[in-house]
Amino acid sequence: MSLTTPTMHSAISISAAIACVVVLATIRARHRLRRRRLPPGPPPLPLIGNTHQVDPSYPWLSFTQWKAPYGDLVYCNVLGQDIVIVNSEKVAEDLMEKRSRNYSDRMDMSDMLEPYGMDFATVLLNHNATWQAHRRILQQTLRPEVVVAYQSTQLHCTANLTQSLARAPSEWWKHIRSFSAAIVIGTIYDHELPENPEHDVSFKAVLDGSELGVIIASPGPVALVKAIPLVKQLPTWMPGGQWFNAAACKRVFNKMVGTPFDELLGRIATGKAGPCVAADALAKFQDTKKLENAEQVVKDVCGTAYSAGEETTGSTLIVFTLAMVLYPDIQKRAQDEIESIVGSSRLPDFNDRSALPYIEAVFRETLRWRPVVPLAIPHVAANEDVYDGYLIPKGAVIMPNLWAMSQDSTKYPSPETFNPERFLDATGKLTTDTPNFAFGFGRRVCPGRHLASGSVWIAIAQILAAFSIEKAKDAAGNVIEPNPGWKRGLSSYPLPFPCSFVPRRH
Ligand code: HEM
């Protein structure tokens, strides 16, 4: 299946980095001439504006560079843009939850949204009436009580995953990516992917759109379009034209949003549609006066949900796989819990979740250990604000540094270690700590978190019951220590590395 490959990721990163460097060189020359004037009033935040401390090529920097204890809240100015990096969960909650009215905007993408056909994307919209309509649908259709309706799809996709892992274990990375694509497209559109989905029209449309979105909505390309608006007309046959030509991009995004949705409408018309987010949203909002232009809004929301949910769900499972290979004792303890509670005659299912605290702790620790969206998605301050005596300028980009929050050694001693026991008390019961920061904050918190929790949990539980995940061996029988490269960018996860999925049940 032609899901995004590491080579493609590097190609994307390299070309995006080149675009970024060109823009940086142009704008920097101008910026050097302008001395920054600090606004009057309370003192500005502690500065970390030296380029050796903050790499302005974000988001191509490795998130490990953010490990240094910079303080809870730090400020820098990159190319005239105020940026506030929030390294503490408490400060993130104080700003983005308690003062959510002021901290729920996104960066200005007006040069991109309409011209490139990206105005469907909830995640990019400002905190306005359209975004509110999107969130209303997402909240109504992805509530914990509602997502149980998608458990049969989740179980079906997990059964396909374990079968694929048994059949071709060396292709485990690809199977996990296929699983996340299948589970998200299944729960959003009730669309069942065939075994070889590369020829599936809907799948191809959402994949092409998601891949293009990752490239074109990144800071480098966004800055390039802002600096040189003419690139919107770059012919598609020129290098980069397939990404920057606005009309071509619009066609890709229209297909992404339209193809699976139109197929679903066909199934609804013939009474063949099963439970899914899109059908539920149409039933709740179409033909009612609750929402203007309901069908289009549902269509847009579902287009966003696929691209927001696919990569994150799969990436979390790849992080889990790495943890299991590196920590065999933890894997064994998790398998022992499944053996003692569920037995070996069946696989765990959702009804077992509350009886398996150690598996729950493994799930939570996976979210904490390596957050897959390490710098979340930046929020923006709608108005000037004062926090803890410091001035936060209007329009400042607020970057929640989830990586720093996950590595907070006062809350998580030895944060580098994968240790699920940090979520258990002395009696083995789960603590109240859930690493919810992995899903962002406030009004912008990830609306798909309950669905994602079910998808990731069931995959973890069934993989652990059915397989031992071990270090691979080379032809001479030597153990290969996993040392994967990491995909960098908005999302971050291990690239394919050798490991063995050994069946535990026959
Ligand atoms: C383990 C899986 C997932 C993780 C770690 C994750 C994480 C995140 C994070 C960090 C944000 C940014 C929140 C903020 O701005 O404060 C976000 C936003 C979002 N997520 Fe997720 N997500 C996951 C799965 C999903 C799924 C399955 C869906 C849909 C079904 C989804 C839909 C969205 C949407 C639509 C937004 C944008 C919300 C907005 O801008 O208002 N996510 N997610």
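H6 and H12 cross in a right-handed sense. That is my starting point today. One caution before the details: this is a predicted model.

So, how do we describe such a pair? Two packed helices are characterised by the angle between their axes and by the distance separating those axes. Helix H6 covers residues 172-189, and helix H12 covers residues 294-326. Their packing angle is about 145 degrees. Their axes are 8 Å apart.

Who touches whom? On the H6 side, the contact involves Trp-172, Trp-173, Ile-176, Arg-177, Phe-179, Ser-180, Ala-181, Ile-183, Val-184, Ile-185, Ile-188 and Tyr-189. On the H12 side, the list is Cys-302, Ala-305, Tyr-306, Gly-309, Glu-310, Thr-313, Gly-314, Leu-317, Ile-318 and Thr-321. By class, the contact of H6 with H12 holds 15 nonpolar residues, five polar and two charged.

Stay with H12, and bring in H11. The axes of H11 and H12 approach within 10 Å, crossing at roughly 155 degrees. Which relative orientation follows? The angle is over 145 degrees, so H11 and H12 count as roughly antiparallel. The crossing of H11 past H12 is right-handed.

From H11, the residues in this contact are Val-277, Ala-278, Ala-281, Leu-282 and Phe-285. From H12, they are Ala-294, Glu-295, Val-298, Val-301, Cys-302 and Ala-305. The class count for the contact of H11 with H12 is ten nonpolar, no polar and one charged.

H11 has another partner, H3. Helix H3 is residues 129-141, and helix H11 is residues 277-285. These two axes also come within 10 Å, with a crossing angle of roughly 110 degrees. That angle falls in the 65 to 115 band, so H3 is roughly perpendicular to H11. The H3 and H11 crossing is right-handed. H3 supplies Ile-137, Gln-140 and Thr-141. H11 supplies Val-277, Asp-280, Ala-281, Lys-284 and Phe-285. Split by class, the contact of H3 with H11 has four nonpolar residues, two polar and two charged.

Now zoom out. The protein has 506 residues, and 45% of them count as buried. It contains 16 helices and ten strands. Take the contacts with a separation of 6 or more: 74% of them join residues 24 or more positions apart.

How many residues of helix H8 are buried? Seven of the nine, so H8, residues 219-227, is largely enclosed by the rest of the structure. The buried ones in H8 are Pro-219, Gly-220, Pro-221, Val-222, Ala-223, Leu-224 and Val-225.

Trp-243 sits in helix H9, residues 241-244. Is Trp-243 buried or exposed? Trp-243 has 23 other C-beta atoms within 10 Å; the cut-off is 20 or more, so Trp-243 is buried. Setting aside neighbours within four places in sequence, Trp-243 contacts Leu-212, Ile-215, Ile-216 and Pro-221. For a distance check, take Trp-243 and Asn-401. They are 158 residues apart in sequence and, C-alpha to C-alpha, 29 Å apart in space.

Two backbone angles deserve a look. Ala-376 has a phi near 50 degrees, positive although the residue is not glycine. Ser-414, also not a glycine, has a positive phi of about 45 degrees. Where are they? Ala-376 is in the loop between helix H14 (357-369) and strand E3 (379-380). Ser-414 is in the loop between H15 and H16. Their surroundings contrast. Ala-376 counts as buried because it has 26 C-beta neighbours inside 10 Å. Ser-414 counts as exposed because it has 9.

An unreviewed UniProt entry lists Cys-446 under "binding site". Cys-446 lies in the loop between helix H15 (402-406) and helix H16 (449-466). Why does Cys-446 count as buried? Because 22 other C-beta atoms lie within 10 Å of it. Beyond its neighbours within four places in sequence, Cys-446 is in contact with Phe-439 and Gly-440.

That's it from me.

Notes. Residues numbered from 1 in each chain as written. Predicted model: local features only at pLDDT ≥ 70, side-chain atom pairs only at ≥ 80, totals over all residues. UniProt positions renumbered as here; feature names shortened; annotations may be inferred. Helix = DSSP H or I, 4+ residues; strand = E, 2+ residues; numbered from the N terminus. Buried ≥ 20, exposed ≤ 12 C-beta atoms within 10 Å, placed from the backbone. Contact = placed C-beta atoms within 7 Å. Axes fitted to C-alpha atoms, helices over the stretch in contact; angles between N-to-C directions. Parallel < 35°, antiparallel > 145°, perpendicular 65-115°, else oblique. Left-handed = near helix turned anticlockwise from the far one by under 90°. Nonpolar A, V, L, I, M, F, W, Y, C, P; charged D, E, K, R; others polar.
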